[in-house]
Amino acid sequence: MGALELRGVTKSFGSTEVIKGVDLSVKDGEFCVFVGPSGCGKSTLLRMIAGLEDATGGDILVDGKRMNDVAPAKRELAMVFQSYALYPHLTVRDNMGLALKQAGVAKSEIKVATDRAAAMLGLEPLMGRRPAELSGGQRQRVAIGRAIVRTPKLFLFDEPLSNLDAALRVATRIEIAKLHRELKATMVYVTHDQVEAMTLADRIVVLRAGRVEQVGSPMELYNDPANTFVAGFIGSPQMNFLDAASLGLPAGKVGIRPEHLTISRDQGEIPAEVSHVEKLGGETLVYARNPQHGLLTVRLFGEHDFEVSEKVHLTLQRERMFQFDPDGQRRR
Amino acid sequence: MASRKPVRWHIAVFLAPAVLVYTALMIIPLFGTLAQSLMNKDATGERVFVGLQNFARLFGDAIWSDAFWNALANNTWFFVIHMLVQNPIGIALAAILSTPKLRMAAFYRTAIFIPTILSFVIVGFVWKLILSPIWGIAPGMLDAVGLKFLFAPWLGREETALTTLALVSVWQFVGIPMMLIYAALLSIPDEVIEAAEMDGITGWSQFWKIKLPLILPSIGIISILTFVGNFNAFDLIYVAQGALAGPDFSTDILGTFLYRTFFGFQLQLGDPYMGSAIAGSMFGIILVGVCIYLFGIQTRLRRYQF
């Protein structure tokens, strides 16, 4: 119904290669998230799948059919844009129905389809309004509704939540997850926010500089990162990296997540001085400095009182530690 | 709070230069002309108030009213040609220019806009030369492509002179609607166009269904600018056909009619009072047109925020 496959896909703008050969297969009904820092090529990759950019090399297949030379509209995909990209002159109903109208679908059928999408997204009272009369969150829901109406094989989301405020972002995130369960459709979602990636994805594709760094379920990436980049990108606050040699291990780096460091006032492996404390109620983040390892983050559950410039000792939970070779690759 | 608002002198100071210049050059002459249209000379040559007598003569006396209606009809045709030819071509050129595949877009844009910055005198004279049946290059060029039979002394014929001049004016000014629409098209966000591509709305239907509705406010502005410009036009006709707007007044528009009446031409003596009445009528026509646009059309055109 909606399996996506990329084979050696590359993209160059002039002499700059932005996508350096991506192989990926997304199963039917899967929620796949492309995540990476800005400039890593994730949006470009999505736009290539959509057909808004031509691939320089490689094959893009949907349901086994090569789509490289097929016009965007004929690929049976729907895209939700970061800026919503609604048609300002049309009402919510017409925005959602325009693609069907263009395809020559009967009016009564369009009405059924738009009503169904509106009901899913709670847009019924807004059907007669124009985009200018809607809030940001409502506009994004209309944009999603416009995609649903077309019953595409594949939904593409290009950072759909980044123009929303924090509270709305969480609410819309939950709504998208719910929608995915209801529609059972294949979705490809681009974001730079690893929390969105972790909470939504069945599978995450971590991209850096036009290459896939690792593909896996959120917990695979969290528990089994392939290299320092993925280890540092997934998880918040960021993983701590320590010099391996000084811990008596083979040369390279040692990664330990903030929640896997223990802190004590009297004893431990690594002496450090508290440089900052963040109390979030449910958890406390302690930033402690060691002259050799630099600033280390410790995540404690509940409320803890540590004073700035207090002397503390940190201990690594050895079994939770990741070892990386000098090139940043995981030592297994 | 008990503190009084300070007098904001700076507002008056900053407004003063513009208000003074505008008043001296526009407001006072306008009201002077309107006042003069209600005056005339009596037997002794004194200036006296005559009420609407000048207007009664302009519309009631066949010698005046025939010329007036002729000029108004010609002027309306002049405007119609601009609306039907200049603005659609301007929109089409803008649409072509805004396609990303077009090479040398900047060159075409400049080339099409250049006639706009030329003087009327040059444009009128150049076209008179081009179209001249005796030493013009138009007959020769048509001959070169085997279409000589199409040539006629367009500027010399009553049936074609006005249309020809209107088309010359279109040639000169087509750059203005092109530029305004081009700017409006560029302001449509790329993502909206991409969303349309995804929805299968491409090519012409994209233009009709997405772009055109979004540039309608600019088309409205262009229409009213064309209206005001055409009903104030004078120079091109004067340069090409003289103040008599020949042949046989077939190219006479309100501007040339006003000029002849006010300042006199050849055997006709100038009559500032009747001239003012014509100027007042032109002011009224344009005022009505602009009001129809402002209150009847512009309020219905939505400006879209993206």
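Helices α3 (residues 107-121) and α4 (residues 136-149) of chain A pack with their axes 9 Å apart, at an angle of about 135°. That angle makes α3(A) oblique to α4(A), as it is neither under 35 degrees (roughly parallel), over 145 (roughly antiparallel) nor 65 to 115 (roughly perpendicular). This is a predicted model: local features need pLDDT of at least 70 and side-chain atom pairs 80 or more, while totals for chains, interfaces and linings use all residues. Residues are numbered from 1 along each chain as its sequence is written, and chains are lettered from A in the order in which they are written.

**The helix pair**
- The crossing of α3(A) and α4(A) is right-handed.
- On the α3(A) side, the contact (C-beta atoms, placed from the backbone, within 7 Å) includes A:Ala113, A:Ala117 and A:Leu121.
- From α4(A), the residues making it include A:Ile144, A:Gly145 and A:Ile148.

**The core**
- The largest nonpolar core has 140 residues, and A:Val33, A:Leu156 and A:Val188 touch the most other members.
- Such a core joins buried Ala, Val, Leu, Ile, Met, Phe, Trp, Tyr and Cys through C-beta atoms within 7 Å, buried being 20 or more other C-beta atoms within 10 Å.
- Beyond four places in sequence, A:Val188 is in contact with residues including A:Leu4, A:Phe34 and A:Leu156.

**Where the chains meet**
- 18 residues of chain B are in contact with 17 of chain A.
- On the chain B side, α9 (190-198) and α10 (203-231) each supply at least two residues.

Note on methods: A residue is buried if 20 or more other C-beta atoms lie within 10 Å of its own, exposed if 12 or fewer, and partly exposed in between; C-beta atoms are placed from the backbone. Two residues are in contact if their C-beta atoms, placed from the backbone, lie within 7 Å. Axes are lines fitted to C-alpha atoms, for helices over the stretch in contact, and angles run from 0 to 180 degrees between N-to-C directions. Helices (H or I, at least four residues) and strands (E, at least two) are DSSP runs, numbered from the N terminus. A crossing is left-handed if the near helix is turned anticlockwise from the far one by less than a right angle, and right-handed if clockwise.
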